[in-house]
Amino acid sequence: MSLPLDLVEEDPANPRQAFDAAELAALAETLKARGLKQPIVVRPANAEGRYVIRYGARRFRAARLAGFSEIRAVIEAGDVDEADALTDQLIENEQRAALTTADMAQAVARLLALGQSQAEIARRLGRGKDLIAIYAAVPQMPADLQRLGDVLGARTLYELWGAWKADASRTQAWLAGRDPGQVTQAAARAFAGTLKPARTAKPRVSDTASPAPFDAAQSRVAEAPSEEPSHQVNTVAAPLVRVLVGARAGRLALDRSSTADGVWVVFDGAAELVPASKVKILAVEADR
């Protein structure tokens, strides 16, 4: 049906909080020329006679810019599970225009608070578990980095977080000399690589050693050096570190840095960020 715009309000819980002014203006011009081809979807509000948008906030804003007084809408009645509604909004938004990293991080945090696991969120959104883990980590980042979530991709932001933890002042200086919107993941990774301290070789853990809690500061395990002169110490490829997280068996993802939130563990081919206190080392096997 056609609803007066002044009876329609946006959902304050909409995962999209960032709206591109230029895109809205272009959409408004399209609406003036061609009209609204696809109605928005609303639900009844608590106040009598008013409606809250479920899908179509961009079309709603563009309609106001275009000077419309009414908007075509489909009204959905009945209660909707909050987690289901948020998931549907995420999918609908992403299909039209990608959400920012900041918006996705806030939405993932809400889904986690509603009791959904990272694995379940990844399955329902069709995203990799490692990407959902990155979104879940954004709220733990410094405020200066979180603000960059409006312009940077999640993986780029994660690379910068690794650099920040290695040297916050140098990372701030590096960002100050650049347009944040132009920083790429490759550039952030290369910069972070210049800040990584040299690793001290660790004694090799025996395959028969008893399981022990994993140290969050230790993201790699290396072979002990041979008894050659110190200027000729040999190094070997990182071994396979088998771990146990609760009842789940996996291996450490040695190509990823540990974080304040935990360490990366590979389960069935997919990496997940898990608290270091829950990780126990079962065995360390030589790389073959």
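Helices (H or I, at least four residues) and strands (E, at least two) are DSSP runs, numbered from the N terminus. Under this definition, T156 belongs to helix α8.

## Basis of the model

The structure is a predicted model, in which local features need pLDDT of at least 70, side-chain atom pairs count only at pLDDT 80 or more, and totals for chains, interfaces and linings use all residues. Residues are numbered from 1 along each chain as its sequence is written, and side-chain values use heavy atoms, with hydrogens and water left out.

## Overall composition

The protein contains 10 helices and 11 strands. Of its 288 residues, 40% count as buried; buried means under 20% relative accessible area, exposed over 50%, and partly exposed in between (1.4 Å probe, protein chains only).

Among contacts (heavy atoms within 4.5 Å) with a separation of 6 or more, 63% join residues 24 or more positions apart.

## Nonpolar cores

A nonpolar core is a set of buried Ala, Val, Leu, Ile, Met, Phe, Trp, Tyr and Cys residues joined through side-chain atoms within 4.5 Å. The largest one has 40 residues, of which L145, L160 and W264 touch the most other members. Two or more residues of this core come from each of the helices α4 (101-113), α5 (118-125), α6 (129-137), α8, α9 and α10 (185-195), and from each of the strands β9 (263-267) and β10 (270-274). Another core, of 17 residues, lies apart from it and includes V8, L31, I40 and A73.

## Helix packing

Two packed helices are described by the angle between their axes and the distance between the axes. Axes are lines fitted to C-alpha atoms, for helices over the stretch in contact, and angles run from 0 to 180 degrees between N-to-C directions. Angles under 35 degrees count as roughly parallel, over 145 as roughly antiparallel, 65 to 115 as roughly perpendicular and the rest as oblique.

The axes of α8 (residues 154-166) and α9 (residues 168-176) cross at roughly 130 degrees and come within 5 Å; the two helices are therefore oblique to each other. On the α8 side the contact involves L160, A163, W164 and A166, which meet A168, T171, Q172, W174 and L175 of α9. These residues divide into 7 nonpolar, 2 polar and no charged. In this grouping, Ala, Val, Leu, Ile, Met, Phe, Trp, Tyr, Cys and Pro count as nonpolar, Asp, Glu, Lys and Arg as charged, and the others, Gly among them, as polar.

Helices α4 and α6 pack with their axes 8 Å apart at an angle of about 90 degrees, and are therefore roughly perpendicular to each other. From α4, the residues T101, M104, A105, V108 and L112 take part, and from α6, I132, Y135 and A136. The contact of α4 with α6 has 7 nonpolar residues, 1 polar and no charged.

## Residues in and beside helices

Beyond residues up to four places away in sequence, T156 touches V183, T184, Q185 and A188. T156 and A187 are 31 residues apart in sequence, and 8.6 Å separates them in space, C-alpha to C-alpha.

P139 sits in the loop between α6 and α7 (143-147) and is partly exposed, with a relative accessible area of 38%. The C-alpha atoms of P139 and A105 are separated by 7.3 Å, although the two residues are 34 residues apart along the chain. In helix α2 (residues 57-65), the buried residues include A57, R58, R59, F60, A62 and A63. Just after α2, G67 takes a positive phi of about 85 degrees.

Strand β7 (residues 240-245) contains R242, which is partly exposed, with a relative accessible area of 37%. Leaving aside neighbours within four places in sequence, R242 is in contact with G250, R251, K280, I281, L282, A283 and E285. R242 and L252, 10 residues apart in sequence, are 6.7 Å apart in space, C-alpha to C-alpha.

V245 also lies in strand β7, where this residue is buried, with a relative accessible area of 11%. Not counting residues up to four places away in sequence, V245 touches V265, F267, V274, K278 and V279. From V245 to I281, 36 residues apart in sequence, the C-alpha to C-alpha distance is 9.1 Å.
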